[in-house]
Amino acid sequence: MMERIPAGPDLLCGGLLPVLPAVETAPALQDDTGGAWISREELRAMSIALAKIIARPEKGLVFLASENRAATVISILASAAAGHAVMLVDPALPDEKLSGLIDAYRPDILLSSSPIAEPEGFARGFDSASATHWAVRQQEERGNAPIAPNLQLMLATSGTTGSARFVRLSGAAVVTNALQIADVLRIDSRSVAIAHLPLHYSYGLSVVTSHLQVGGRVFVMNDAVTSPSFWQKVAGAECTHFPGVPFHYATLARFGFELVPASVTTFTQAGGALDTRIQERILEKVRHRNGNFHVMYGQTEASPRMTTTPGGTLPEKLGSVGKPLAGGQIRILDDQGNALPAGDVGNVVYEGPNVMLGYASSRSDLARGDELAGVLATGDIGWLDADGFLFLKGRVKRFAKVSGLRIALDAVELDIGEVASVSCFDDDEKIVVCHESGDARAIKAFLRILAGRYRIPSTAFVLRQVSAIPRKENGKTDYARLREIGDV
């Protein structure tokens, strides 16, 4: 039996937009298309109005093409207010992959800031207030299993762009993590986020939810960090918080931190390991403006943050991704599930209220409940120091087998980072090292040193120069594509 939705939209938008009397009339949301700031009460009104348009008697699935626009934020809030589960999709996916997702999940509602051209059987319209195009299925599709009552959000994992595998998140997990992040980063009503990361990317969405949760402002951007207009827009919006992945910080280190407006004092980094030399350079620059630089660690499966380096701890804990967020716990286990002491390397397991319900690959999976009970085997390898700070060594699956030894490819990339920026993949008994620039002779000389350090033959390393390291939209290396262009 389908879950019935209580009459009338939820004014708190599923907990994503709590009522905060002191800031209800204050600016809350703006994008870089040139419009004015939307106040918190205006944002709530727009979300509720759209929720009424997409209302259905039963809990439905919203398929949202998540462009970096204010309309996307409003659509997320409206979906929650209407009691639906919302699936955030990369609008840049090829048509065949988008159609494949629609076939697999059979959404009841389609939302987008661009015109919708989709299957028959949908009533279509345009909400001018929120600049949102909508399409609602006119008849309930027979054979659809009910959607679990606590399912609120579905996000693709960073490694499965375009596939049918999504993470199922409860509203409680999303709100809890937003509050955890706001607490450790000291986000408040004076904070203004630069929402330049893709909103369908869990890190990008968490920037939005953590600021809205405590009355902060969100400035949504569609510019790349390398765009000449990026920092001009940031300065115009008086932004205070810059979130970035390693690629963004490497770019800042290369082109000059001086581009960053003085208003920006909070810097967060996630999405993979950042060279500690770059961390030191960023730290020095941030100190000069009395700001904070936080290295964070997370996965979409954890809504998405699990740890962060509290302000002021990085100089002493360089290379660490920090301590668990409030209410969370990190354990290091061996392959048999036994807890390991501080200093020992093992499997990283996270426990906390922000862990996902489980995965989904089709519409029928949306009926499933909580399958993890708050415990997430991250698939990462790492160790804890005596103070509880986590240090990562790489992914369980990112290992090469050479001469009978397991070599962590993420560690190889960091080690070679002493002489050049590289990305690696394994090819049978070899490690293919791809680089865009840098002295090939210097890299080869360092690889010989590294081979001795790892106790493997120097011939196990194969160096390949590529025109550009392929990257996903979130800035991470696209290893599948890298393997195609750098394959031996």
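A charge sits over a ring if CZ of Arg is within 6 Å of the ring centre and within 35 degrees of the ring normal. Arg 398 lies over the face of Tyr 479, at 3.8 Å from the ring centre. Arg 217 is placed over the face of Trp 37, with 5.6 Å to the ring centre. The model is predicted.

**Salt bridges**

Side chains of opposite charge can pair when their charged atoms come close. The structure holds 22 salt bridges.

| Asp 32 | Arg 69 | 3.2 Å |

Start with the salt bridge between Arg 69 and Asp 32. Arg 69 lies in the loop between β3 (61-65) and α2 (70-81), and Asp 32 in the loop between β1 and β2 (38-39), so the pair ties together parts that are 37 residues apart in sequence. Asp 32 counts as buried because its relative accessibility is 14%, under the 20% cut-off. Arg 69 is partly exposed, at 24% relative accessible area.

Lys 233 is partly exposed, with a relative accessible area of 25%.

Asp 426 sits in strand β24 (residues 422-427) and Arg 483 in helix α11 (residues 479-486), 57 residues apart. Both residues are partly exposed: Asp 426 has a relative accessible area of 25%, and Arg 483 has 33%. Elsewhere, salt bridges that share partners join Asp 32, Arg 69, Asp 223 and Lys 233 into one network.

**Aromatic rings**

A search of the whole structure finds 10 aromatic pairs. One of them is Phe 230 with Trp 231, an edge-to-face pair with 4.8 Å centre to centre and 80° between the planes. Phe 230 and Trp 231 are buried.

**Nonpolar surface**

Leu 11, Leu 12 and Val 19 make a nonpolar surface patch of about 260 Å². Val 19 lies in the segment before β1 (27-31). Val 19 is partly exposed, with a relative accessible area of 46%.

Technical notes: Residues are numbered from 1 along each chain as its sequence is written. This is a predicted model: local features need pLDDT of at least 70, side-chain atom pairs count only at pLDDT 80 or more; totals for chains, interfaces and linings use all residues. Side-chain values use heavy atoms; hydrogens and water are left out. Patches are made of residues with over 30% relative accessible area and no salt bridge: like charges are joined within 9 Å, nonpolar side chains (Val, Leu, Ile, Met, Phe, Trp, Tyr) within 5 Å. Accessible areas come from the Shrake-Rupley method with a 1.4 Å probe; for residues, only the protein chains shown count as cover. A salt bridge is a side-chain nitrogen of Lys or Arg within 4 Å of a carboxyl oxygen of Asp or Glu. Helices (H or I, at least four residues) and strands (E, at least two) are DSSP runs, numbered from the N terminus. Buried means under 20% relative accessible area, exposed over 50%, partly exposed in between (1.4 Å probe, protein chains only). Rings of Phe, Tyr and Trp (its six-membered ring) pair if their centres lie within 6.5 Å; planes under 30 degrees apart count as stacked, over 60 as edge-to-face and the rest as tilted.
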